[in-house]
Amino acid sequence: MSEDLSNVPKPDELMGIDHKPPRKGWMDVPVDFKPGTYSYPAKAKNLKILGMPNPREWSPTDEDWKLPENWKEIVREGFKDRLDKYRSFQLFMDICVRCGACADKCHFFIGSGDPKNMPVLRAELMRSVYRKEFTTSGKIFGKLAGARELTTDVIKEWFYYFYQCTECRRCSVFCPYGIDTAEITMMGRELLHLLGCGINWAMEPVANCFRTGNHLGLQPHGFKDTLEFFADDIEDLTGIKIDVPLNKKGAEILFVVPSGDYFGDPGTYTCMGYMMLFHELGLDYTWSTYASEGGNFGLFTSHEMIKRLNAKIYAEAKRLGVKWILGGECGHMWRVMHQYMDTMNGPADFLEVPTSPITGTRFENAKSTKMVHIMEFTSDLMWHNRLRLDPGRNENLIVTFHDSCNPARAMGLIEEPRYVIQKVCNHFHEMPENTIKEQTFCCGGGAGLGNDENMEMRLRGGFPRGNAVRYVQEKYGVNRLACICAIDRATLIPVCDYWAPGVEVTGVHEMVANALVMKGEKERTTNLRGEPLPGKEEVEDE
Amino acid sequence: MGLWFSLFTVVILVLLVFMGVGVVGLNSLFGIVIPYAALLVFLVGVVYRVGKWAKAPVPFRIPTTCGQQKSLPWIKANNLESPYNTLGVIVRMALEVLLFRSLFRNTRAELRDGPRVVYGGTKWLWLAGLAFHWSFLLILIRHLRFFTEPIPFFVNLFEGMDGLFEIGVPTLYMTDIIILLAVTYLFLRRVVIPQIRYISLAADYFPLFLILGVALSGVLMRHFYKVDIFKVKELATGLFSFHPVVPEGIGLAFYIHLFLVSTLLAYFPFSKLMHMGGVFLSPTRNLANNNRMRRHVNPWNYPVKVHTYEAYEDEFREKMKAVGIPVEKE
């Protein structure tokens, strides 16, 4: 999947930016919807499917956004409701001292220079209204106290900048009070949704997922076709025919992946990787057509929507009578599974503490939620030497690893993927320390922003990541960027094409499957992508 | 605008004392009534604000993890940066509150030709912040000698350490120098760094000027415009034993100091200074990363509209049957 980058200025030109803010105060600078830097609005049909307010056709560049008549009251009520429900929101409105430590931690600020992309100012867009509506000093002193009137211009500004935040939480790592812009952006988006202002690239997947079980809108027979198609490819490659267990009652494990894994390259290779691994292990597992999406664009919509979409995971585990749940390589999905699922839709007392049937390891860390990350599962297999691996098949890959925001900063899944990668390939190099692990940079397209119309902003936001990739490309000859996130596997491709041309993106289980020596396989000559394996180039030429 | 307004306000506050005490002689107002009122506002205000936060529910457990989670036994978990138990949370919070752990991570991103971006360490904000807060605390402890009799041993101990170098008569305190330097730095960075100036409000400058005023008036009256220490102690102990007296002839500098402190106290609960209480309650820091081990309960969790499997199968049953996907209802 390569996107058209011809409309985007060249890197030198794109980065001809100044991080110095303008002379004019930020309250006096109106928002400018520049093409390439915003996402198209949610279509009415999608909002209708979900029963969300104010469905209509509109555009951010319109003068009149066709807001409900009492929009101000709706925002005020919604604001108050959330202040009452979330301590985080109250605190984060109140305690910022504007020290500015967060300012240059945001990939969108680094790449755009727009001061309203400094996390502190992104939050002030909201705090200013909070002060006016809910604090005495704001009511009395107004602008002097940093307060401002809630107007339609403010709503437009919220829409622009809360959809220029990928909820990556990098700023919250550096904040002395742990103020988390993701939390503020989530609240901002919730308020916007009360007025019917969302983006289509988030709401179409949400609507699809609600009805068909996955973001793509793939129906059960289509899902089956896709997986069987992968099984055919695997047979061509290895000579081994593998099963595709679907909606299988009584299976031990329900396996859930982000739909990106069975939708587009290179996610599909990772998906084949899972299938090959499970076949080799003889794992008693099942896919589900109903719970065919682990990803959850509800996270980019509202807390209520997270719960609405996530409910099917436990419901399906219960219906199928599985013992526990295993989840694939995905970023935001794992924030939902780790930090929200059990609270929202648990307790999962009908499941058992996950135990690997191969190694006997009890995953005590998942004993309540009963869902295990595939990196935990696979690294455990490797630690116990239960896989025959030939890392030589990945000899041509010089790999670096991109920590996805949510596994790193909302889960702490840091060493597991590194362990797995180093078991399946011989050349691994870390990017600079300010760009990995808890300090990792977003791909620039998370939280619903990975759409084509927003490409310029994505590349700006992807600059810090792309820059770090280019650094290891120049220093070590890195040619493969590994990641454990379906959004990454889609969005890092243009980021690399633009900032570090020549580096390709891969999922980790794609590399695992390439290295995996399967029982009864024929001699492999190519990898999953159909490229000749190292040492087999000549065979390919014949 | 915020800068000049704040400076102007603090100057007015000082002038008020000149007028009120120096000219009109309202010593009891400035020595008794205002300090009492300020302290009352401070106590009630802080308790109210913290109570309000504490009452607000924490629906989700959302720690920001900055280190390896506890997962498999052979992977070393980082209990400080990604705490998995209460001890870990306590240590994480202690590091945050006492040593400003997160601010210590601070970096500076710089855009260079290429284009490329490089990150340098920058510890000045952390250092100045830490120096400011700690010297403020030590100065506060030193002041206990005005309110206590006998003076607790640790107050004398700190004071001895603070004046260790015995420069000048009376001895120059290190904390006085440090707080003046630190506050000056914190002010200058707000003015000099364009991004910080852009985000700064009156609410950011005002406490800086106020604290600078408090510290300066304190230093001035200790070293230059001497006041009668014994009378100051008489007033202070009087206030705290609820038998307030206003001894004659303490000196104007003291009233300026006291009035600025009173203003700071009264202003505190309405301001960003409440970060002092708030930092303890921050859900991204004070919760353990044990989400999958122990279920977190949301007190207001409510049922939502979902798309059930039954509804799903009803829509797709024929298609499912056609390709051999098992269904509930044939």
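**View 1. Where chain B meets chain A.** Welcome to the contact between the two chains, to which chain B brings 81 residues and chain A brings 95 residues; two residues are in contact if their C-beta atoms, placed from the backbone, lie within 7 Å. This is a predicted model, in which local features need pLDDT of at least 70 and side-chain atom pairs count only at pLDDT 80 or more, while totals for chains, interfaces and linings use all residues. Residues are numbered from 1 along each chain as its sequence is written, and chains are lettered from A and ligands numbered from 1 in the order in which they are written. Elements with at least two residues on the chain B side include helix 1 (2-23), strand 1 (107-112), helix 9 (202-223) and helix 13 (309-322) of chain B. Helices (H or I, at least four residues) and strands (E, at least two) are DSSP runs, numbered from the N terminus. Helix 13 of chain B provides the largest share of this side, six residues.

**View 2. Domain 1 and domain 3 of chain A.** An automatic or database domain assignment divides chain A into domain 1 (11-198), domain 2 (212-383) and domain 3 (391-536). The C-alpha centres of domains 1 and 3 of chain A are 32 Å apart. Their contact draws 21 residues from domain 1 and 24 residues from domain 3 of chain A. On the domain 1 side, helix 1 (11-14), helix 5 (107-112) and helix 9 (170-174) of chain A give two or more residues each, and helix 5 of chain A gives the most, with five residues.

View 3. A residue is buried if 20 or more other C-beta atoms, placed from the backbone, lie within 10 Å of its own. Among the buried residues are A:R87, A:F89, A:F92 and A:D94. Their packing partners are helix 3 (71-85), helix 6 (119-134) and helix 10 (181-194) of chain A, along with helix 2 (27-55) and helix 12 of chain B.

**View 4. A parallel sheet in chain A.** Here three strands of chain A form an open sheet in the order 5-6-7, with parallel pairing; two strands pair if DSSP finds at least two bridges between them. Strand 5 (399-402) and strand 7 (504-507) of chain A are at the edges with a single partner strand each, so one side of each is left without a neighbour in the sheet. Four bridges connect strand 5 to strand 6 (residues 480-483) of chain A. For A:V399, the bridge partner in strand 6 of chain A is A:R480.

Definitions and conventions
A residue is buried if 20 or more other C-beta atoms lie within 10 Å of its own, exposed if 12 or fewer, and partly exposed in between; C-beta atoms are placed from the backbone.
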